[in-house]
Amino acid sequence: MIDAHIHLEQYDADALEHMLPALATEGVHGLIAVSMNLASCIRTKELVRKAPGLIKPAYGYHPEQPLPAEAELAMLLSFIEEHSADMAAIGEIGLPYYSRAEALERGGPFVMEPYIRLLDTMLGLAARLGKPVVLHAVYEDALTACELLDKHGIRNAHFHWFKGPEEAVLRMIERGYYISFTPDIVYEPEIQALARRYPPELVMAETDGPWPFEGPFAGRLTNPAMIRDVAAAWGALHGYPPAQAEALLSANTARFYRLHKGAGSTE
């Protein structure tokens, strides 16, 4: 299988030393490693050099953090252009739903326009480079992201760990955007309901590691092998046996990220 979204550079070195060599025996042959900012992109690139057949990088700026200074953004955009031939996508990019919600709950201000401009810039670069995008855009922010995707004519969009209103779901299905499910599909009814109705050909499995999970995963370090649990839970909702569910989700991921044999693909 292929983990469609993991923050690999956020694991400590000891954890990676034990985790990565074991993945093949656990049925995981590809990782889409997303990045948070310029420093994160550089760390991700270093990891790719250690396991180029396993790790496929995505470079971007995660929205749930303060905006980058102009100099850092310029360097990041230059980095992405320089390494575009070797990356699977631009990501993680998107809009700061949780940061905004926390600020508003505290009674403080939160200005969205600069984040929208940043996403617009990143999507413009993705369109110019012909790269897929990995999106952090949940709830009402998904509709704003859809507007910007339309503006730039982007169809290769992956909304990771998506939750959102019916209007956004319908629009995303109509556009053929992909979503991915994390291990919380095992125990979250809201996620299971979305999984039942989203077209199977537009679905992938992810861990978003090292983000921790609850239910049967409580207290465990998030491991890419958990995508097999995702596949089993998703397959059960659609009547697929685990092996067929794994094959379908892996093929979807390989197709979306344009992976080939030897690069973690089943194609």
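Predicted model: local features only at pLDDT ≥ 70, side-chain atom pairs only at ≥ 80, totals over all residues.
As for disulfides, a search covering the whole structure returns zero.

Cys 146 also takes part in a helix packing contact, that of α6 with α7. Helix α6 spans residues 141–152 and helix α7 spans residues 166–175; their axes come within 9 Å and cross at roughly 30 degrees. Since angles under 35 degrees count as roughly parallel, α6 is described as roughly parallel to α7. The crossing of α6 past α7 is left-handed. On the α6 side, the contact is formed by Ala 142, Leu 143, Cys 146, Glu 147 and Asp 150, and these meet Glu 167, Ala 168, Arg 171, Met 172 and Arg 175 of α7. Sorted by class, the residues of this contact comprise five nonpolar and five charged, with no polar ones.

The crossing of α8 past α9 is right-handed. Helix α8 contributes Gln 192, Ala 195 and Arg 196 to the contact, while α9 contributes Trp 234, Leu 237 and His 238. In the contact of α8 with α9, three residues are nonpolar, two are polar and one is charged.

Away from the helix pairs, attention turns to a histidine in a loop. His 7 sits between β1 (2–6) and α1 (13–22), in the loop that links these two elements. With a relative accessibility of 5%, His 7 counts as buried, because the class takes in values under 20%. What does His 7 contact, once its neighbours within four places in sequence are left aside? The partners are Val 34, Met 36, His 62, Glu 92, Asp 208, Gly 209 and Pro 210. One of these, Asp 208, lies 201 residues from His 7 along the chain, yet the C-alpha atoms of His 7 and Asp 208 are separated by 6.3 Å.

Definitions and conventions
Residues numbered from 1 in each chain as written. Heavy atoms only, no water. Left-handed = near helix turned anticlockwise from the far one by under 90°. Helix = DSSP H or I, 4+ residues; strand = E, 2+ residues; numbered from the N terminus. Contact = heavy atoms within 4.5 Å. Nonpolar A, V, L, I, M, F, W, Y, C, P; charged D, E, K, R; others polar. Disulfide = S-S within 2.5 Å. Buried < 20%, exposed > 50% of the residue type's maximum accessible area, 1.4 Å probe, protein only. Axes fitted to C-alpha atoms, helices over the stretch in contact; angles between N-to-C directions. Parallel < 35°, antiparallel > 145°, perpendicular 65-115°, else oblique.
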